[in-house]
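Please keep the sequence and the coordinates at hand while reading.

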Amino acid sequence: MSATPEPNLREPTPSDKIEREPLAEVVDAVRRDAQRSPKDYARETIVPEGGE
Amino acid sequence: MLAEVVSTLVRTRSGWKIKRELFLENGGILSYEAPGAAVDDGLVEAGTPECRGPSEAILYQRAQDALVARALPGTVQQLGGELTLLKNCRDAEGHYYGAQENYEAEIARGGWLFAWRAGVVALAPVVAISCLASWAVLAALMLVVLAMVLVVTAISLLPRLERLHDAIHPEGSFLRVLLQRPLAWIERALWEPPMILVLALYRLCAFRELRRGLLPFLISRPIITGAGTLVDDRFALSEKAVAVRRISRWWLGQRGLSIFEPGNLCKRLRGPVFLDFAAFRSLFRRRQRLQIGLSDSNMAQTAEYLKVATTCLVIDLIEAGLRDHPHVRQPLHALRKIVDGDHAHAIALQRSYLAAARRFVEEAPAVPLEVSEVIARWSTTLDAIEHAPSTLIGQLDWITKQALIEKAGVTPDERKKIDLKYHELETGYFAVLEARGLAPILVTPEEAQIASVEPPSTTPARARARLIRDLADVAKVTIGWDRVQIGGRIGGKVIRLDDHRDTSRAGTGTPSTSRAKS
């Protein structure tokens, strides 16, 4: 028998459903972070020669 | 440096040095892909080991993600500064790269299989001539390089000519920069003619029914599997789809992405150049690797699972004889419209395949339980896209990313940052959603940790992983996907991993062996 675990492919439970408040908090955090040097971020993540 | 740190976390062994490959204890791979002189502008590629079915594929994909993420702090400690890894397919300038999917499937049947094999035999002499020409040109180039080394060394030794030396040697890689383009031209001139014939043979014979049956499925699949991207601040459904230019390429040097990529078959035809005749022989096998280029890197586990699971199922349907699949008159035009917002067409196409899958399951004498689960999940996801897309935040990437961009991005630059940083492993915006319990987890961190050191049990990955462990004390070992070489090329021993392939397929509905790359 393999020692590899069977992945736990369960159905999303009610707790997996999106809760509005935590999502709003994440959106706020994303908004704040996205305002920090967005141009620099885009420039630093360019793959000039690595693309196909 | 990342590879060095990974080697402290799991057992590893080098693959082919020229490709900077590092095989992992679970049979997967990490490699660094950089063209020619652009050594610092490459990509980290991570490939899962060969898996049998979608559950295994997503388990090992998550194990790879977790492993490279675990190696980041150690890498930062060694290098200093800041370092993050993005698992995506498109950067801010529109360069594309990243995910590919590979499925083992029948290359052809009956007369078309005979035609494929006869075509490979007929092309063998053309390939051999190209091989000989390559070696002759390489030998001549070696002489030229030797002469150049002598000249450059002489220039370096003369202090008064230092300025001249700096002028021709601006980035410390004079020979590499100078030779890169001519070498690429020579290689193309020698290999393009036989490869045009090989690609024509591929389009005529290889995966003929499968490509025809899969095409409408693949162009509509981004409605579930698309990662979403901003093109000039306009939202598109899929990162890769915006780069697609053709269904299958006509010659190797063509720019733009193809939906089906025959690259692995072309590489094996070049096997004899590297004295790998077994790779050439493997082209005669009935079952081959179907490579799909139109594939996004998913952050959401639900999307990633559905991507592999539904594709495996549709491949099985076509191999079982599905012929009444939908047809699309202008597939590339339809793909562009779907990516730009024609969701109704995509959903209709997906529903057509879903209905075929349901009929298939009803008529089949026995199908694995996972197939029924896939169909149920596929159906509820399509319903939700149509009627309540916001319930899929955290489950489908394009819906999640679009929501974040619309709610949190004000300026085009901020919106683009959200588009990109969504894909950071561990620290990106999707990772934040996952950490807050806003995205369903199908593979737990503990399961991923175990899978980073244990291979799948019924694929060649098991033999590869065992050899990586057993040959830990042997100095000269080169690991590959198809073989392991112990000792030198001449006089060394080769273990073919194909000999360890479990060829049993438990009837219809069994998911295909697949391998993912991101």
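In this predicted model, L306(B), A309(B), T310(B) and L313(B) of helix α10(B) meet V371(B), V374(B), R377(B), W378(B) and T381(B) of α13(B). A contact requires the C-beta atoms of two residues, placed from the backbone, to lie within 7 Å. The residues of this contact comprise six nonpolar, two polar and one charged; here Ala, Val, Leu, Ile, Met, Phe, Trp, Tyr, Cys and Pro are nonpolar, Asp, Glu, Lys and Arg are charged, and the others, Gly among them, are polar. Two packed helices are described by the angle between their axes and the distance between the axes. For α10 (residues 301–319) and α13 (residues 369–387) of chain B, the axes come within 10 Å and cross at roughly 115 degrees. Such axes are lines fitted to C-alpha atoms, for helices over the stretch in contact, with angles from 0 to 180 degrees between N-to-C directions. The crossing of α10(B) and α13(B) is left-handed, a term for a near helix turned anticlockwise from the far one by less than a right angle, clockwise being right-handed.

Residues are numbered from 1 along each chain as its sequence is written, while chains are lettered from A and ligands numbered from 1 in the order in which they are written. Because the model is predicted, local features need pLDDT of at least 70 and side-chain atom pairs count only at pLDDT 80 or more, whereas totals for chains, interfaces and linings use all residues.

Chain B as a whole has 18 helices and 15 strands; helices (H or I, at least four residues) and strands (E, at least two) are DSSP runs, numbered from the N terminus. Of its 518 residues, 43% count as buried. A residue is buried if 20 or more other C-beta atoms, placed from the backbone, lie within 10 Å of its own, exposed if 12 or fewer, and partly exposed in between. Among contacts in chain B with a separation of 6 or more, 71% join residues 24 or more positions apart.

Which residues of helix α11 (residues 331–339) of chain B are buried? They are L335(B), I338(B) and V339(B). These residues lie on the same side of α11(B) because they cover an arc of only 95 degrees around the axis, taken from the directions from the helix axis to the C-beta atoms. They pack against α6 (208–220), α7 (222–225), β8 (234–236), β9 (244–248) and α12 (343–363) of chain B. After α11(B) comes G341(B), with a positive phi near 130 degrees.

Most residues other than glycine have a negative phi. D233(B), which is not a glycine, has a positive phi of about 65 degrees. D233(B) is located in the loop between β7 (229–231) and β8 of chain B, and is partly exposed, with 13 other C-beta atoms within 10 Å. E426(B), likewise not a glycine, has a positive phi of about 70 degrees. The loop between α15 (412–421) and α16 (429–435) of chain B holds E426(B), which is partly exposed with 17 C-beta neighbours inside 10 Å.

Confidence is expressed per residue as pLDDT, on a scale from 0 to 100. Chain B has a mean pLDDT of 87, with 88% of its residues at 70 or more. Over residues 168–172 of chain B, pLDDT stays under 50. Chain A averages 74, and 54% of its residues score at least 70. The model scores ipTM 0.84 and pTM 0.87.

Notes. pLDDT = per-residue confidence, 0-100.
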